[in-house]
Amino acid sequence: MSLFPFFRRKTFSRGVHPDANKRTAGSPIRRMPFASRMILPLAQHIGKPAVPLVRAGEEVVRGQPIARADGFLSVPLHAPADGVIEAIELKPSARGPWVESLVLRVYEASTQEVRWANPCDVESLSPKEILQAIQDSGMVGLGGATFPSHAKLSVPAEHKIHTLIVNGCECEPYLTCDHRLMLEHPADLMVGVRLAMRAIGAERAIIGVEDNKLDAVAAIRECLPADSSITVQVVPTKYPQGAEKMLIKSLLDLEVPPGKLPMQVGVVVNNIGTLAQLGQLLPAGQGLTERVVTVTGPGIKKPGDYWVPIGTPMRTVLEWAGAADSGEREIILGGPMMGQAVASLEVPVTKGVPGILVFDQLQIEAARQVWPCIKCGECVNACPMGLNPSMLGMLAVQREYEEMGTHYHLGDCFECGCCTYVCPSHIPLVQQFRVAKGVLRGKAA
Ligand code: SF4
Ligand code: SF4
């Protein structure tokens, strides 16, 4: 019998049940050493790139702000180690185009000590001061969205927020970084949750955790406040349970209408890893210089969750985690459902990278064999947004992008990858939708 029989087990309709493959869940988070050279793109968030505060040749210390936010929808950048800024130049990014980046040559003597910090009493901060402190920390949605956290928690006066939902589902296969943070840092999580509640004026918070992480539920319950303002609820393990609209439906039985935001139904959703790290950083007055990354997959010899300094090149991470250095392989940043393949090992770990997965040749070949659509309807049955991915895919092949947007609601697709996962013909539907959205965005601009 379940240890938690009293929790509600509501869920959303459709979705899929991929193999979890969470083989790193049982090991503590380890620390990855500094690479000799770090690459720090100025745009690691949605919004305007940060503006450098340093010049080539300048020495910096770990934690020092090295680029400032450029406006409301932007965040600063902090040095991940002691060293010297070697250059400010274009470097390859995970998305393909080269982007302006700071190159930091790390001193061999650099330690884990954060040498630039401004500790404060977070209990005395007003909501406005909390939001400013969050922006100053450089925090973005660590689940992969990279939306600046202070902006997400800035609620216009016309919306009254009744509930903060904390997303502890980590529904992507393979990834366990949030699971480990819940187990190892529940007290920091509580600090972060309370700060977020004060920032948005919510009187309650619900932490949603999938039922394959009951040890994390138990760890969090030990730290819950006595006044019941923060609760934890178990939800069924199902992908994409962690998507905002799905989680709101599961926990509150509320529907967020198409094209609307959660705050329009009185809810703000935040990722659990983001709040756990905010709970560490804000009282210490520190910026975001590292994050937990799950490094795993069949091509990794030492899989695990690691504290990885932001800016560490992929090559260094893979060497440290024991990736085979020969043969064909595919490297995915993020989870297998929503992640992105990277072509260059010089691409760095940025704020929005929760996982690095390495797959070997056999799996790549299996995925590459694409067959015509057999009109089985599996993708329609799987789509949690009730879309018709089969039709959208056919229109994408014909480059009927306008039609996809106007009549088949491409804008409601949040690229969860369920359709691609279930397609027996291995049609790369979600990749087609990303291209179509890019074209439509370009036309709109
Ligand atoms: S169409 Fe979009 S939202 Fe629907 S299953 Fe495919 S990727 Fe997910
Ligand atoms: S799942 Fe694939 S084969 Fe089946 S209808 Fe959808 S696109 Fe066609």
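Analyst: Happy to! The residues around ligand 2 include Cys-373, Lys-375, Glu-378, Ser-390 and Cys-423; being near here means that a heavy atom of the residue lies within 4 Å of the molecule. This is a predicted model, in which local features need pLDDT of at least 70, side-chain atom pairs count only at pLDDT 80 or more, and totals for chains, interfaces and linings use all residues. Residues are numbered from 1 along each chain, chains are lettered from A and ligands numbered from 1 as written, and side-chain values use heavy atoms, without hydrogens and water.

User: What makes up the shell around ligand 2 by class?

Analyst: Seven residues are nonpolar, three polar and two charged. Ala, Val, Leu, Ile, Met, Phe, Trp, Tyr, Cys and Pro count as nonpolar, Asp, Glu, Lys and Arg as charged, and the others, Gly among them, as polar. Cys-376 is one of the residues in this shell, so it counts as nonpolar.

User: Which residues come nearest to ligand 1?

Analyst: Of 14 residues around it, Cys-383, Cys-413, Cys-416, Gly-417 and Cys-419 do. By class, that shell has twelve nonpolar, one polar and one charged.

User: Why are strand 4 and strand 7 called a pair?

Analyst: Two strands pair if DSSP finds at least two bridges between them. Strand 4 and strand 7 (residues 83-92) have two bridges, so they meet that rule, in the antiparallel sense. Glu-59 stands opposite Val-84 in strand 7.

User: What makes strand 2 an edge strand?

Analyst: The open sheet has the order 2-8-7-4. Strand 2 (37-41) pairs on one side only, and strand 4 (59-60) does too.

Conventions:
Helix = DSSP H or I, 4+ residues; strand = E, 2+ residues; numbered from the N terminus.
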